[in-house]
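Trainee: Could you walk me through how to read a few features of a model like this one? I would like the general idea first and then the case at hand.

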Amino acid sequence: MASRLLRVSAALRLLPAASARAVPSRHLGVPGNLASDEEQATGLERKVMEAMNKGLDPYSMFRPKRYAGTKEDPNLVPSITNKRIVGCVCEEDNSYVVWFWLHKGEAQRCPSCGAHYKLIPHELPH
């Protein structure tokens, strides 16, 4: 079906009447002239793509930045409320997670390893 359509469209281009008409700027059969993702995106997908092009991370989709975990450079935890539960894997080879509540204010320490965490406000883009 597709090969037949391509043959017919190629034959129509050779006709003199077809050349007199205005040719559309995009041909779906020509490589490199397809609409890009940015041109096709609408709604929420478009907002996310525009934010990502500006270097923003609207829905925290990217891996969080690594911090030292000290009192001067705590791990930043975004939250839309004034508290959030946090899980800390204190050592790389641990098979358990230490869970604790993190409240808005100054940095708090993990009760097991002593790494510092700080809650920061986060607003949803919509």
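Trainee: Where do Glu50 and Arg46 lie, and how many residues apart are they?

Mentor: Both belong to helix 4, which covers residues 43-53, and they sit four residues apart, about one turn of the helix. Keep in mind that this is a predicted model.

Trainee: How do I read the link between Glu50 and Arg46?

Mentor: The general idea is a distance test: a side-chain nitrogen of Lys or Arg has to be within 4 Å of a carboxyl oxygen of Asp or Glu. Here the closest N and O atoms of Glu50 and Arg46 are 3.4 Å apart, and the pair forms a salt bridge. By this rule the count comes to one salt bridge.

Trainee: Why do Glu50 and Arg46 both count as partly exposed?

Mentor: The class in between runs from the buried limit, under 20% relative accessible area, to the exposed limit, over 50%. Glu50 has a relative accessible area of 40%, so it is partly exposed. Arg46, at 35%, is therefore partly exposed too.

Trainee: Do strand 1 and strand 5 pair in which sense, parallel or antiparallel?

Mentor: Strand 1 pairs with strand 5 (residues 116-121) in the parallel sense, over five bridges. To find your way on screen, look for Asn75, which stands opposite Tyr117 in strand 5.

Trainee: Which lysines does UniProt list as modified residues?

Mentor: An unreviewed UniProt entry lists Lys65, Lys83 and Lys118 under "modified residue: N6-acetyllysine". From this set, Lys65 is part of the lining of the largest pocket.

Trainee: Where is Lys65, and is it buried or exposed?

Mentor: You will find Lys65 in the loop between helix 4 and strand 1. Its relative accessible area is 61%, so Lys65 is exposed.

Trainee: And what about Lys83: where is its place, and what does it touch?

Mentor: Lys83 is in strand 2, residues 83-88. With 38% relative accessibility, Lys83 counts as partly exposed. Leaving out residues up to four places away in sequence, Lys83 touches Trp101, Leu102, His103 and Leu119.

Note on methods
Residues numbered from 1 in each chain as written. Predicted model: local features only at pLDDT ≥ 70, side-chain atom pairs only at ≥ 80, totals over all residues. Heavy atoms only, no water. Pairing = 2+ DSSP bridges. Helix = DSSP H or I, 4+ residues; strand = E, 2+ residues; numbered from the N terminus. Buried < 20%, exposed > 50% of the residue type's maximum accessible area, 1.4 Å probe, protein only. UniProt positions renumbered as here; feature names shortened; annotations may be inferred. 1 Å grid on protein atoms, 1.4 Å probe; cavity = no way out; pocket = protein on both sides within 12 Å on 5 of 7 lines; lining within 4 Å. Contact = heavy atoms within 4.5 Å.
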